[in-house]
Amino acid sequence: MAVKNDSRKIEPGDTFVAISGSNADGLKFISEAIARGASKVVYGASRPPEIFSPGVEYIPVSDPYFYFAEKVREANGFPDLALDLYGVTGTNGKTTSVYLLRRLLGEKDCGMLTTVEYYDGGETMPSNQTTPDPERLFAMFRRMKENRLRYAAMELSSHALSQSRTGGARFKGAVFTNFTGDHLDYHKTRENYLAAKKRLFLELLADDGAAVLNFDDQAVKSVATEITRGRVIGIGMAPDADYRIERVSCDVNGSSFLLNGREFSSNLSGLHNVYNLAGVLAVLLENGFDADDLQQKLNSPVLVPGRLEKIPLHNGANVFIDYAHTDDALKNILQTVRNFSGSGKLTVVFGCGGDRDRSKRPRMGKAAAEYADKIVVTSDNPRSETPSDIIDGIVKGIPEDFQGELRIEPDRGEAVKNTLAESVPGESIVIAGKGHENYQEINGVRKYFSDRDEVLKNIRMPE
């Protein structure tokens, strides 16, 4: 009989695992599971059910999330054991790092799980979660095994780590890109958020694995003293980094830098991407990959959907579409594009998601004001919130003495259209927050919306 965590899917004889999720408490669905025929109920030992029904076996466990993931892993034949797993966590840079890992590990040999898409060796499919739930995750690992892949590279979100979605799978390589504020709607405090990220290194790293930490980020570096398995490797410009980043050069065509005296280059630009690449290179070099072979693979462009995606306009302006949806990511992108544009005008169009961490809204407004000459505040995915409330939260972070132009346009389509119509030669326009996403969620309804499509639709043709 099967082990399930959805009471609606229970069949006679199944085991129901009562998991307390972010939106629903599994304890409330025990009676429904029993009514559908559940013979066993698994629950968290610290929160027992109020009523124990006769004839049903109740099993207390320390972590129902982990119990469920391990049962799913077992049902799929422990497919992760046939793969070398590489995981990336951090506030920003996870997606780009995983695309880099897949390129360097070999696109025909490496499965991939990202915010953008999944690849199992036979099929590429859209992602519905940064890190999928255990049932989908281990089914994909099984297909990767069946398709004879050697590696799997994946993003590990703080939600997934908090919820033990990977069960007992162990990672040969793990990278911690950076740590800034995000997801406090779920984790409540920065300490809880960091604790979730640390689980990759404290619990999921293989005994012979490499833990690569950004030593230029003090929160990330602090994890080094707590890791008790594998090898701890620091990257960065810090003198004590095991892999030193030096002589960085970035322009619109890409970046180059020295890593422990060896030059590496790629088409990905910006200092943030130098750090992403350095982390990926370090974890692979530590696992025996050849530096010359890695650079050879980087000689072909690495394309990451919705990450600093450039669209030239006919009037000489340029649009850059990026997923940046935290203040740190927005700052990185604007700083990078500012370096491209020099003295040219820099405009940013962005919003913030509704029903998510509200504390980052004013920080994003402040980040925009640091670099942009013109700020257009609009909607992202307002979800159940009123767009004007979200926009007000962003605008509060824009200093009163901001010398540039500030526009408010809640309709994202109109915001893009008007910004393009007003563009001037040499201007750089960053449209941030959605990147690869092709929808807007408003009052529980998702409608098709793509920043890229909106730009292409509204490009002014030459007269």
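Biologist: Is Asp80 buried or exposed?

Modeller: Buried means under 20% relative accessible area, exposed over 50%, and partly exposed in between, using a 1.4 Å probe and protein chains only. Asp80 has a relative accessible area of 4%, so Asp80 is buried. This is a predicted model, where local features need pLDDT of at least 70, side-chain atom pairs count only at pLDDT 80 or more, and totals for chains, interfaces and linings use all residues. Residues are numbered from 1 along each chain as its sequence is written, and side-chain values use heavy atoms, without hydrogens and water.

Biologist: Which residues is Asp80 in contact with, leaving aside neighbours within four places in sequence?

Modeller: Contact means heavy atoms within 4.5 Å. For Asp80 the residues are Arg73, Leu85, Phe138, Phe141 and Ala169. Asp80 sits in the loop between α2 (64–75) and β5. Helices (H or I, at least four residues) and strands (E, at least two) are DSSP runs, numbered from the N terminus.

Biologist: In what order do the strands of the open sheet stand?

Modeller: Strands of a sheet pair through backbone hydrogen bonds, either parallel or antiparallel. Two strands count as paired if DSSP finds at least two bridges between them. Here 11 strands follow the order β8-β7-β6-β9-β5-β10-β11-β12-β13-β14-β15, with mixed pairing. At the edges are β8 (124–126) and β15 (262–266), each pairing on one side only.

Biologist: How many bridges join β13 to β14?

Modeller: There are 5 bridges between β13 (residues 243–251) and β14 (residues 254–259), and these strands run antiparallel. Asp251 is opposite Gly254 in β14.
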